[in-house]
Structure formats: C-alpha cells, structure tokens
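Colleague: I am new to this structure. Please take me through one part closely, the place where two chains meet.

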Amino acid sequence: MAHEHMNPVIDQILANIEKVMIGKRNVAELSLVALLAGGHVLLEDVPGVGKTMMVRALAKSVNAKFRRIQFTPDLLPSDVTGVSIYNPKEMEFQFRPGPLMGNIILADEINRTSPKTQSALLEGMEEASVTIDGVTHKLSKPFFVMATQNPIEYEGTYPLPEAQLDRFLLKMKMGYPDIQEEIEVLNRAQKTPPIEDLQPVIDLDGLIGLQQEVKEVFVDDTIKRYIVDIVNGTRGHGSVYLGASPRGSIALMKAAQAYAYVNNRDYVLPDDVQYLAPYVLSHRIILKSEAKFEGISAEEVVNRVVARVPVPIRRLVK
Amino acid sequence: MIKRDFPTFLLYVFGFLLLWEWLRPVEQLTDTDNIETFIIFLIVAFAGSYLRLKWIWQLLINAFFILFSVNRLYYEGGFFQPDWLNAFLSDMTENLGLIFARNWNDLTDEFRTILFFVLLWLMVYLLHYWLLRQQRIFIFFFMTLVYITVLDTFTEYNATVAIVRTVGAGFAVMGMLTYFRISMREHGSQSFSMKKWMVPLVGMIAFSVLLGMAAPKAAPIWPDPVPYLTAAKGQDGSDGPGGISRIGYGSNDERLGGPFIGDNTTVFTIESNGKHYWKVETKDIYTGKGWVASGSTPIDFTKADLVPVFSIPSSVETRDETARITSVKESSLIVYPAGIQRFIEVNVPERYPIRIDTTTEKIKNLKTNGYSVDFKVPRYKAIDLRKPTGFDPTVMNQEFYERYTKIPENLPARIKQLTEEITAGKTNWFDKAKAVESYFGNIEYTYDQKNVALPGEEDDYVDQFLFDTKVGYCDNFSTSMAVMLRTIGIPTRWVKGFTGGEFTEYTQGDESKEIYQITNNNAHSWVEAFIPGQGWVPFEPTKGYSNGLSIDYTSGETTSRTQTPAPAPAPKPQKEEIDEAPAKAKDSSYDFTAIWSAIEKFFNNNWLSLVVWFLVIAAVVWVLYRIRGKWVPYIFMFRYRFKKQDDTIGTAYLILLKQLDRYGLKRRENQTLSSYARYIDSFFSTREMTRLTNSYEQYLYHQTLPKGSWDDNRELWENLIKKTIA
C-alpha cells in the first residue's frame with residue numbers, strides 16, 4: 001500500500017506520526033481519516049498513553065495551529081471560546097480568542113467539565129462557529145477536535161449527553177502498548193523527543209485540498225445500499241434501545257470515503273464500511289439496560305449487525 | 001453411519017417393492033418370460049447389499065446368479081457341464097460386435113437378458129445409494145409414479161392396484177428417510193424415538209390410501225387422452241366436442257362414429273393384377289357402439305406354411321395371383337388379400353414364427369418394408385351362392401353360427417323389422433344379403449365424413465344411422481349391414497383394411513403388373529357373410545364403393561362386377577362421389593391416425609429397449625449432474641475465450657464464485673470479496689484471486705475498468721477455474 005500512493009502526503013503524515021508513536025498505526029490512520037473527512041474524534045481512554053503526542057505530530061505535519069484545552073470542573077464556556085474584554089485605552093470591548101480558535105484542538109477529559117462548557121465545545125464542532133456577546137466568530141479552517149474522555153465509571157465526571165455524542169465522527173480506544181512497544185517507548189524517552197524535529201509535509205490550504213479530494217471518492221449505489229442496510233440493522237436489533245440516525249449513515253459514508261482515500265483508492269469497498277462501522281456507529285446507538293447488564297458492548301452489537309448484512313457482490317438491477 | 005438394523009431392512013424392502021413395480025408391466029407388455037428370475041435376482045442383490053458383504057462377494061454372488069440363470073433359461077445342459085460356456089462366450093463376443101455395429105435388432109435374447117440383469121444390478125446399487133447415502137428417494141418415487149400412470153394410460157396395463165402399492169411404499173420410505181435425516185441433523189441425539197415417528201407415519205399413509213380408494217373419483221376430463229392427443233396433432237385444428245378423428249388405420253373400434261378429416265399420406269404401394277381389397281383384421285362382436293374381438297388365439301406359422309386363415313373352399317373356382325406390397329416406412333401393419341395362401345419374399349428367416357391371431361385374422365409380429373403374397377382370386381357362381389337358405393347344423397358348427405349371429409340383447413327391434421321388410425320375398429341367404437347391400441343405395445342414405453354423429457350413451461350405433469341420421473361413412477354402412485344380416489340369422493363379420501387404392505402406372509418388365517398407391521384415405525371397412533360351401537363372401541354396402549368381386553350370375557357366361565347391377569340407379573350427387581372417391585379424402589374413420597398407431601406400435605415393439613434407454617439416459621444425466629463441477633467449467637472457459645468486452649468479468653467472476661463454492665471453498669454472506677480472495681489465495685498459494693478480485697471490485701464498486709483488462713483477467717480467471725477442476 002505504501003508504494004505509489006496517488007498522494008504521497010498521506011504516507012508522509014503517517015510516517016511522521018509513527019516517528020513519535022510506537023505502534024497504534026490504526027489509531028493514527030483513523031485520526032487522519034477523521035481529519036480528512038472533516039470530522040472529529042472521541043478517544044475513550046486513560047491518560048498517559050500518548051494521545052497528545054499523536055495529535056501534536058498530526059498538527060505539526062499539516063502545519064496547523066495546535067491548541068490544547070484541559071477540561072476541569074470549574075472551566076467556563078468563555079475559557080474555551082474566548083471572551084470580549086473592555087479596553088479602556090480604545091474605549092471598546094476587544095475580543096480575546098480562546099483556545100477553540102486553533103486548527104487542531106486536543107480537548108482533554110471533556111467529561112470532567114460541566115455540561116454547559118461541554119456544549120460550548122460541541123456547538124463549535126457542529127457549527128464551525130461560535131457566538132460570543134452576539135457576535136458570530138467563524139472558526140478557522142480546517143478545524144479538527146480530538147476529545148478524550150475518561151471511562152465514565154470514574155468519579156467526578158459529567159457524562160456527555162447521548163445526543164451530542166454523534167457530533168464525533170469516530171469514537172475509538174487507544175489502549176496500552178504491548179510489552180515490546182512499551183520497551184521501545186522507554187528507549188525513546190531517553191533521547192530528545194523527536195517531535196521537535198518533525199517537518200510539516202503540507203500546509204493548511206493543501207489539507208483543505210485533500211479534504212476536497214476525499215469528497216470526490218466514488219461511492220457506488222451498492223455500497224450506499226450496504227451502508228444503509230447496516231445502519232438500518234442497528235435500528236431493529238434486539239439489544240438496541242435507539243438505533244443510529246441517518247446522520248450515522250452519512251458519517252459512515254464520509255468516513256469510508258476518507259478511509260478509501262487513505263488506502264490509496266478512489267472508490268469505496270465494503271471492506272472499508274465493515275472496518276469503520278464499529279468506530280462510526282457504536283457511540284450513536286443506545287443499548288437497552290438488559291444488554292448493558294449482560295455486558296454486551298455497543299461495538300459488539302455493531303459487529304453482530306455487520307455480520308448479518310450480506311455483502312453486495314453483484315451490480316444492482318436497475 | 002447407518003446400522004444394519006430393522007429400519008434399514010424396511011428401507012430395503014420398500015426399495016425392492018418400488019423397483020418391482022418397474023418389472024411388473026414388463027411381463028405383461030413385452031414378450032419377457034420368466035420374470036420371476038429377475039425378481040429373485042433383485043432379492044439376491046438387495047440381500048447382498050443389506051448384509052454389507054464385501055464387494056467382491058457381492059460381485060461373485062450376483063455374477064454367479066446371472067450366469068446360472070442364463071444357463072437355466074437358454075442352455076439344455078446343466079450348469080456344471082462346461083461346454084455351454086464356450087457357446088455362451090462366443091455368443092457374447094458376437095453380440096458385442098453387434099453392439100459396436102449398432103445392430104441393436106439382431107442382439108440375441110440371451111444377451112439382452114444379461115443386459116437387463118446388469119441394469120437391475122445398477123438399479124440396486126443406485127437404490128442403495130439413494131436410501132443409505134443420499135437418504136433421498138423422491139425422484140425415483142416420482143418417476144415410478146409417472147412410469148405406471150403413463151403405462152396405464154397408453155397400454156393395456158392396468159395400474160389400479162399398482163398405484164396404491166407404489167404410493168404406500170413410496171411414502172413409507174420417504175417418511176423413514178426424513179426421520180433418518182432429521183436424527184442425523186440432531187447428531188444422533190435420540191430426542192424422539194423411531195416408534196413415535198413411525199406410528200403416525202403408518203397411520204397417515206393408511207388413512208390417505210384408504211381415503212383415496214374410498215373417495216369418489218371425478219370422471220376423467222378427457223374420455224381417453226390418446227385420441228385427444230391425436231386430434232390435437234391434426235393439421236386443421238381439432239375443435240368440437242368429441243374431437244375430429246383423422247383418417248387412417250387404427251385398431252380400436254370399440255366406439256365408432258364422429259367426424260374425421262382426410263389424410264393423403266401414402267401407406268403402401270401394391271403391384272398386382274387388378275384391384276383388390278386388402279384386409280388387416282376382422283372383428284366378430286358388435287357391442288352397440290362398435291366392434292371388439294371375442295378373444296385372441298395366436299398361432300405361429302412359417303413362411304413355408306399356408307397362412308392359417310379361413311380359406312376359400314375348393315368348391316369355388318379360383319385363379320392364382322401374386323402381389324407385391326411395399327410399405328413406405330417399415331411397418332408392422334400387414335395387409336393381405338382375401339384368399340391369401342402364403343407370404344413369399346418376406347424378409348424373415350426361414351423358420352421365423354409368423355404369428356397370426358386366428359380370431360381376428362390379424363398378423364401380429366411381422367415388421368417389414370415389403371413382402372409378396374400368393375393368393376387366390378375367387379369367381380363365385382351365383383347358383384352356388386344361392387343354395388343356403390337357413391342354418392343347417394350338419395354343414396355348420398353350432399358354436400360358430402352363434403358366434404357370428406350374436407347381437408346385443410338391447411338391440412332395437414326395428415332393425416330386425418326393417419331387415420325383414422327389405423328381404424321380404426327373398427328365399428336364400430345370398431339374395432337377402434344382396435337386398436340389404438343394395439338397400440343402402442337408397443337416396444335417403446348419404447355418404448359424408450363430416451356431419452357424422454357420435455352415438456350418445458343410450459343410442460345404438462346402427463339404429464341411429466339407419467333411422468335417425470342416415471348420414472355416415474363406411475363404418476356406418478358396413479356395421480349396419482353386418483348387424484342387419486345377423487338379425488335374420490345370417491352369420492357375418494366386420495372386416496377392416498384398405499380399398500384397392502389409386503392406379504398410378506405399370507411396372508417395368510415382361511409380366512407387367514399395375515401399381516396402386518394406397519393412402520390413409522383408403523382405410524376402409526366392409527362385411528363378410530358366411531355362406532356354407534362358399535366360405536366368407538365379401539359384401540360392399542358403402543355408397544360409392546365397389547369391391548370388384550366377380551360373381552357368375554348365369555351358368556358362367558356373364559361376369560359382372562357386383563354392386564353396379566344391384567342398387568337402384570344412382571342419382572347425380574352419388575355419381576360425383578364415385579368419381580371423387582379414389583382421388584380425394586373419404587373412407588372410413590378408425591378413430592385415430594396412422595401416425596398414432598405407428599407410435600403405438602413402435603412403443604409396443606420397442607418397449608424394453610425404451611425403458612432401458614430411458615433408465616440409461618436418466619442415469620447418465622444424473623451422473624453428469626453430480627460431476628458438473630468437473631465439466632461445466634470447461635464449457636464456460638470455452639465460451640469466455642471468445643469474449644472481448646472488459647465487463648465480461650461481471651458474469652465470469654460470479655461463475656468463478658459459484659465454482660469455488662461447489663469446490664467446497666464457501667464464502668460467508670458477510671464476507672467481503674477481498675477477504676474471501678485472500679482466503680482463496682492462501683488456499684491455492686497464489687495471488688491470482690486477489691488480483692482478479694481487485695478488477696472485479698473496480699467493475700462492481702467503481703463502475704469502471706481499464707481498457708483491455710479482460711485479457712489479463714481472463715488468464716487469471718481460467719487459472720483459478722482450472723485449479724478447482726484439478
């Protein structure tokens with residue numbers, strides 16, 4: 001796959017990330033997919049597994065402004081979006097942009113802050129703009145949020161409202177590195193962090209161009225049908241209280257387009273859809289309490305649905 | 001897998017019963033004798049299979065049985081006298097030669113018997129396979145039913161009981177097999193016992209069989225499908241209730257009447273001196289609706305012998321003639337002139353037993369393209385014909401007389417009254433017969449083929465014609481005359497055959513003879529009356545026909561051709577008919593066509609071979625189906641070699657998927673093509689499937705393909721297909 005990519009930038013970005021991240025190629029790849037599809041990522045993980053490093057490498061590779069917000073219970077919405085301050089010299093209010101005004105944002109532990117502050121972030125993600133004191137401020141483009149949340153069983157968290165979860169294109173887990181990888185992490189920790197040496201491989205305009213190309217990746221009607229069948233399958237499933245919405249179908253298609261692009265293809269395969277379905281759909285369905293008690297996870301349900309939908313292997317009869 | 005226990009034994013018994021049903025009609029419908037030998041063979045073969053003897057023992061036992069039976073059936077000496085083996089082996093070699101020469105007809109009975117044994121042996125194996133391995137028998141059961149019903153419909157085989165037996169055995173065996181299949185699927189867990197299954201099964205079968213037997217049966221939609229089928233094949237359509245028959249020779253006369261259409265197909269050409277009527281058979285019992293034969297008394301003779309039909313007494317003056325009959329196609333319909341002496345120049349061996357049924361005087365087992373006959377042409381003297389005036393037990397056998405004067409008990413009395421009126425004043429049998437014969441020349445009676453009634457349930461065929469319709473063709477005229485004479489005690493019989501046909505040309509050579517062409521339109525029926533001392537004398541009551549009989553009315557000075565002097569002067573329309581008669585369609589209707597009768601004859605004669613062929617073809621088709629994975633791909637490979645378009649991959653790839661599936665490499669429904677391709681490639685250790693799948697994915701999910709990609713793809717595709725055949 002690495003050979004003769006129609007766009008070598010993709011390989012270079014992934015290579016950059018690999019320089020600072022050991023293993024976890026799929027996480028890097030999926031993050032890139034979300035970035036290219038113009039979506040956001042929710043990482044559900046414990047601290048200290050290298051999220052920041054990865055996002056910074058990503059930001060550096062595309063020469064983007066990187067901001068980080070550490071969410072705490074006392075964080076206010078204005079701390080995120082920015083605030084207008086009265087300047088006595090100029091005799092007027094001046095807007096001081098908050099960290100949300102960057103290109104690539106790491107929103108750490110968003111479930112530690114109050115729902116009010118969460119909404120400020122989520123509104124910005126959805127609308128690509130924020131309104132402060134009656135003035136609408138456009139966010140910079142491209143705009144990519146990677147939010148992390150601690151597993152919700154932890155004390156002192158405000159779970160994200162279900163309706164807001166589907167603002168994220170993908171939800172994934174990073175997990176701990178395996179033993180070999182962790183030894184390699186220690187080795188690298190003895191040297192200077194290589195993050196400083198990373199060179200950008202593309203600028204922001206170039207990235208917008210890539211996003212445009214991703215939109216043109218071909219999706220055949222058979223694939224659209226396949227996507228809809230899978231999403232529809234979550235709605236009727238016995239363990240599911242509320243299935244994925246049509247927004248889920250759109251997200252799955254967009255993600256599949258970006259994934260096909262990352263994998264050097266200008267058309268989508270059922271394989272792309274199958275691979276992405278758990279990442280795209282699992283945070284968009286609400287399980288019944290019985291299923292939760294039985295310990296069935298949403299990923300498992302999505303995988304079961306995918307296993308039940310036949311892959312299209314012939315052209316649609318028109 | 002399956003134990004040799006009691007249920008298995010039952011399966012074998014039912015399998016045997018089903019197979020037996022195939023043998024039963026063979027005995028009745030063909031010349032196969034000693035059918036019990038074959039049945040015992042079946043039992044032996046089934047027993048070997050049931051007891052799971054080693055194959056070598058089965059082979060030896062079965063082969064020994066076959067040899068022993070052949071020896072018993074075809075050789076005089078005992079089995080242990082070695083000399084018969086030489087004869088047997090040379091016979092086998094000879095027959096093998098005949099097979100390669102495709103000379104099927106000359107195969108000896110002995111060889112056919114062996115073939116039949118082998119066929120049965122195969123069937124036993126197949127049944128074993130179906131019952132114990134496949135555990136499915138439906139096709140065989142269904143074919144058995146079809147076989148029996150077809151035979152019941154088209155032959156004299158009566159399957160009333162056979163169908164009940166077959167249904168019973170068939171359902172029992174299918175029910176048991178279903179049980180085995182289910183318990184197999186449940187991995188032998190005896191969740192329900194055999195008994196619990198069998199009791200309701202037996203009950204249901206018994207109930208449905210009893211219900212089927214007791215329930216009232218709807219009348220058939222077609223009174224008899226055979227004439228219906230024939231009519232459906234007719235050229236000018238076949239409408240109207242009762243159907244329109246096509247003219248030609250048919251052997252069933254149980255129900256006469258109804259219209260028919262002409263058929264100008266030539267059946268025979270005949271070289272002879274003068275025109276003669278050609279007989280095929282006679283019938284002696286009038287039923288009120290038609291004619292049947294009182295029985296069957298087959299007698300064999302060789303071509304050196306006189307033909308054992310009632311000959312012309314020596315008191316009648318005769319002259320000798322020969323005639324050559326040539327059929328258009330090889331046919332078993334044998335015509336001969338009255339007064340036949342011998343068959344000569346017939347293509348059968350010297351000692352070949354020609355069989356004739358002396359009741360109907362029909363030649364049964366001759367199948368030939370042509371033959372010659374020696375025969376005598378009588379010249380009756382009116383003075384002798386007029387001698388008999390009544391029944392005289394001293395010159396005529398009482399039983400014989402009763403047989404030929406028998407009339408149905410419910411024959412309407414007015415027929416006899418009419419006959420008595422017509423014959424009033426005549427004293428002797430001959431004059432009475434002549435009077436009745438000429439009575440039909442009366443203007444009231446019209447010859448017609450179209451507007452002819454079919455007698456209803458209550459009608460008498462003769463009565464309806466004589467008094468009600470008065471329109472008809474030869475069957476109406478001849479039957480009426482025969483029945484009328486019988487009412488006044490003159491013995492008659494009804495004769496079927498062909499008229500003299502149409503003169504075409506003279507033969508080449510010194511002894512020039514005339515050549516007559518006989519078509520289906522010339523099929524005809526007439527009457528013979530028995531006159532003591534003179535034999536069976538033919539009469540021709542049908543309007544517009546003449547049988548060319550010569551009768552010396554004076555002391556021998558005048559020879560007149562009958563018919564013409566007797567009837568009243570014929571008015572014009574009849575004259576026209578006479579002119580038209582030889583040329584155009586007319587004549588008798590025997591209810592179905594010659595084509596059908598040919599088919600029927602073919603069916604009757606080639607019975608066994610048809611069954612054998614059918615079974616062989618069925619077996620071949622079945623085997624081909626089983627191994628389709630081996631040969632179907634070659635057809636596809638050949639076909640796709642000539643395709644050029646790139647999107648051929650669309651169909652080709654799906655064929656490959658199917659072939660791989662048959663090969664045993666199944667794709668799960670939710671498995672994507674590329675992951676399946678990786679699986680296939682790992683199985684065959686290639687990269688070909690992945691490459692081909694990439695192309696197909698482009699075709700399917702991208703709707704585009706690089707130009708000229710099919711050349712490469714075809715190569716990949718063929719390689720993969722070949723891997724599945726190897």
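Modeller: Two residues are in contact if their C-beta atoms, placed from the backbone, lie within 7 Å. This is a predicted model, in which local features need pLDDT of at least 70 and side-chain atom pairs count only at pLDDT 80 or more, while totals for chains, interfaces and linings use all residues. Residues are numbered from 1 along each chain as its sequence is written, and chains are lettered from A and ligands numbered from 1 in the order in which they are written.

Now the meeting place. Chain B brings 14 residues into contact with 19 residues of chain A. On the chain B side, three helices each supply at least two residues: H20 (649–663), H21 (673–684) and H22 (688–702). Helices here are DSSP runs (H or I, at least four residues) and strands likewise (E, at least two), numbered from the N terminus. H22(B) gives the most, with four residues.

What classes make up the side of chain B that touches chain A? It has eight polar, four nonpolar and two charged residues. Ala, Val, Leu, Ile, Met, Phe, Trp, Tyr, Cys and Pro count as nonpolar, Asp, Glu, Lys and Arg as charged, and the others, Gly among them, as polar.

Step back to chain B itself. Its secondary structure comes to 23 helices and 22 strands. Of its 726 residues, 32% are buried (20 or more other C-beta atoms within 10 Å of a residue's own; 12 or fewer is exposed, in between is partly exposed; C-beta atoms placed from the backbone). Take the contacts in chain B between residues at least 6 apart in sequence: 74% join residues at least 24 apart.
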